[in-house]
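Student: I would like to learn how to read a few features of a protein model. Could we take them one at a time?

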Amino acid sequence: MRTEFCESAHKMAQIPFTLLTFILICTLSIPNLVHCKTLKRDVKALNEIKASLGWRVVYAWVGDDPCGDGDLPPWSGVTCSTMGDYRVVTELEVYAVSIVGPFPTAVTSLLDLTRLDLHNNKLTGPIPSQIGRLKHLKILNLRWNKLQDAIPPEIGELRSLTHLYLSFNSFKGEIPRELANLPDLRYLYLHENRLTGRIPPEFGTLNNLRHLDVGNNHLVGTIRELIHIEGCFPALRNLYLNNNYFTGGIPAKLANLSSLEILYLSYNKMSSVIPSGVAHIPKLTYLYLDHNQFSGTIPVPFYKHPFLKEMYIEGNAFGPGVKPIGFHKMLEVSDSDFLV
């Protein structure tokens, strides 16, 4: 027995000093990682939010530490990460639980948030201007609430934002030009609100924007104004302008949006003839022209397009013999297609 101990001691002595030092440091560090505390700023903010929310959330938020404490797990919908000696809240997802009342301003103190999802609740009032403090935010989902007033221009300060969902609320006023300051923005959902004015043409400089939906508002203007910037919308796949008050025709220049797959123009006041060049958009799949004031004929290249599945033309002034393509149906896109 003594011989085995001596042999083990001898082997340990042969381990390089640097390796022993590393093992010792790791051993001493493990308790600090396990027992690191949640940043007081985040604890205070989440407890303020907890105090303002309804029972549906509170019953699942047990204890005082949102990141978990001892045997208590993290609060439902709260994701934390370790930064240095502390834990911080990086994601807050509290949706479809009938939260009633104003937007919880304390959320804007969670400065390390990358995802904020409060969709499908009953939040009212404006989004506070302090939302611009959340500099690390990548996904902001507030759709299906009862939020009101103007969209705060401070959202344009969230330079890391990739997904912005503000649809199905009661926002009014103009779309803030500051949203064009979001270089990584991919998906912008503003439909089903009460927005007025024009779409800022500066949106065309958003090189990563794939999906723009402003349908069912009170917007005016022309497509020509929207795409007048040279090289605009290089990544745009889906453009929804339906159910507004857009006028004018479809400019031939629209063919330069070579990534376009869905063009939804239904229920506007657009007119003139359809330019044949638009039929050369390589991956155009859905083209909705219905319930406008278009006239003339549909150029033959549209009927020969290899990807065009639907072209809906009802409710216009097209000449005799003009036929639709496919069977019209509402396009439904699930959250899972975009929340990454």
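Student: Is Trp 75 buried or exposed?

Tutor: This is a predicted model, and in it Trp 75 has a relative accessibility of 2%, so Trp 75 counts as buried. Trp 61 is buried too, with a relative accessible area of 3%.

Student: How many aromatic pairs does a search of the whole structure find?

Tutor: A pair of aromatic rings is described by the distance of the centres and the angle of the planes. Searching the whole structure gives seven aromatic pairs. In one of them, the ring centres of Trp 61 and Trp 75 are 4.7 Å apart and the planes are at 15 degrees, so this pair is stacked. Planes under 30 degrees apart count as stacked.

Student: Where do Trp 61 and Trp 75 lie, and which parts does the pair tie together?

Tutor: Both Trp 61 and Trp 75 are in the loop between helix H4 (55-58) and strand S2 (78-83), so the pair ties together parts that are 14 residues apart in sequence.

Student: Which residues form an aromatic cluster?

Tutor: One cluster is formed by Tyr 240, Tyr 264, Tyr 286 and Tyr 288.

Student: Next, disulfides. Which cysteines are joined?

Tutor: A disulfide is a covalent bond between the sulfur atoms of two cysteines. The search of the whole structure finds one disulfide. Cys 67 is joined to Cys 80, with an S to S distance of 2.0 Å. The angle about the S-S bond is -85 degrees, and the link of Cys 67 and Cys 80 is left-handed. Cys 67 lies in the loop between H4 and S2, while Cys 80 is in strand S2, so the pair ties together parts that are 13 residues apart in sequence. Cys 67 is buried, at 6% relative accessible area, whereas Cys 80 is partly exposed, at 25%.

Student: Last, a sheet. In what order do the three strands of the open sheet run?

Tutor: The order is S18-S20-S22, with parallel pairing. Strand S18 (271-272) and strand S22 (317-318) are the edge strands, each pairing on one side only. S18 and strand S20 (residues 293-296) run parallel and are joined by two bridges. Ser 272 stands opposite Phe 294 in S20.

Technical notes: Residues numbered from 1 in each chain as written. Predicted model: local features only at pLDDT ≥ 70, side-chain atom pairs only at ≥ 80, totals over all residues. Heavy atoms only, no water. Phe/Tyr/Trp six-rings, centres within 6.5 Å; stacked < 30°, edge-to-face > 60°. Helix = DSSP H or I, 4+ residues; strand = E, 2+ residues; numbered from the N terminus. Buried < 20%, exposed > 50% of the residue type's maximum accessible area, 1.4 Å probe, protein only. Pairing = 2+ DSSP bridges. Disulfide = S-S within 2.5 Å.
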